[in-house]
Amino acid sequence: GGTAISVDEVDILRWHNLLPEMEGVFAEQTSSSAFAGIENLVNTSVIRLEESVLTPVTGSGLKDLS
């Protein structure tokens with residue numbers, strides 16, 4: 001009953017930059033990909049706006065400062 005999707009690198013990088021600005025979270029790019037995926041799923045109505053979603057951020061942006 002789950003869903004798997006792919007996300008574009010440009011969306012991952014956009015979320016990588018948005019998270020510190022919006023939420024004060026400096027996440028590793030691999031963790032930022034989850035937010036790009038959520039955005040995609042909301043835009044395609046797989047996740048409805050009234051639903052709550054929990055996204056753990058397990059990788060610190062300090063792991064990869066390149």
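How exposed is Glu50, in relative accessible area? Glu50 is exposed, with a relative accessible area of 62%. Exposed means over 50%, buried means under 20%, and partly exposed lies in between, with a 1.4 Å probe and protein chains only.

This is a predicted model: local features need pLDDT of at least 70, side-chain atom pairs count only at pLDDT 80 or more, and totals for chains, interfaces and linings use all residues. Residues are numbered from 1 along each chain as its sequence is written, and side-chain values use heavy atoms, without hydrogens or water.

## Overall picture

The protein has 2 helices and 0 strands. Both kinds of element are DSSP runs, numbered from the N terminus: helices are H or I with at least four residues, strands are E with at least two. The C-alpha trace spans about 35 × 20 × 20 Å along its principal axes. Of the 66 residues, 23% are buried. The protein exposes about 4,800 Å², and carbon and sulfur atoms supply 53% of that area. Areas come from the Shrake-Rupley method with a 1.4 Å probe; for residues, only the protein chains shown count as cover. Contact means heavy atoms within 4.5 Å. Among contacts between residues at least 6 apart in sequence, 53% join residues at least 24 apart.

## Where the helices meet

Helix α2 has 15 residues, which should span 21 Å at 1.5 Å a residue; its end C-alpha atoms are 21 Å apart, in agreement. The expected span is 1.5 Å times one less than the number of residues. The buried residues of α2 are Ser31, Ser32, Phe35, Ala36, Gly37 and Leu41. They pack against α1. Just after α2, Ser45 takes a positive phi of about 65 degrees.

The structure holds 1 aromatic pair. Trp15 and Phe35 form it, stacked at 6.0 Å centre to centre with 25 degrees between the planes. Trp15 lies in α1 (residues 9-23) and Phe35 in α2 (residues 29-43), so the pair ties together parts that are 20 residues apart in sequence. Rings of Phe, Tyr and Trp (its six-membered ring) pair if their centres lie within 6.5 Å; planes under 30 degrees apart are stacked, over 60 edge-to-face, and the rest tilted. Trp15 is buried at 14% relative accessibility. Phe35 is buried at 18%.

Ser32, in α2, has 0% relative accessibility and counts as buried. Beyond its neighbours within four places in sequence, Ser32 is in contact with Ile12, Trp15, His16, Leu19 and Ala27. His16 sits in α1 and is buried at 13%. Its side chain reaches the backbone oxygen of Ala27 at 2.9 Å.

## Salt bridges

Side chains of opposite charge can pair when their charged atoms come close. A salt bridge is a side-chain nitrogen of Lys or Arg within 4 Å of a carboxyl oxygen of Asp or Glu. By this rule the count is 4.

Arg14 and Asp11 are 3 residues apart in α1, which separates them by about one helical turn. Arg14 is partly exposed at 32%, and Asp11 is partly exposed at 23%. Asp11, Arg14 and Glu39 are linked in a network of salt bridges. Arg48 is partly exposed, with a relative accessible area of 47%. Glu51 is also partly exposed, at 34%.

Conventions. A polar contact is a pair of N or O atoms within 3.5 Å; within protein, one must be able to donate a hydrogen and the other to accept it, and residues adjacent in sequence count only if both atoms are side-chain atoms.
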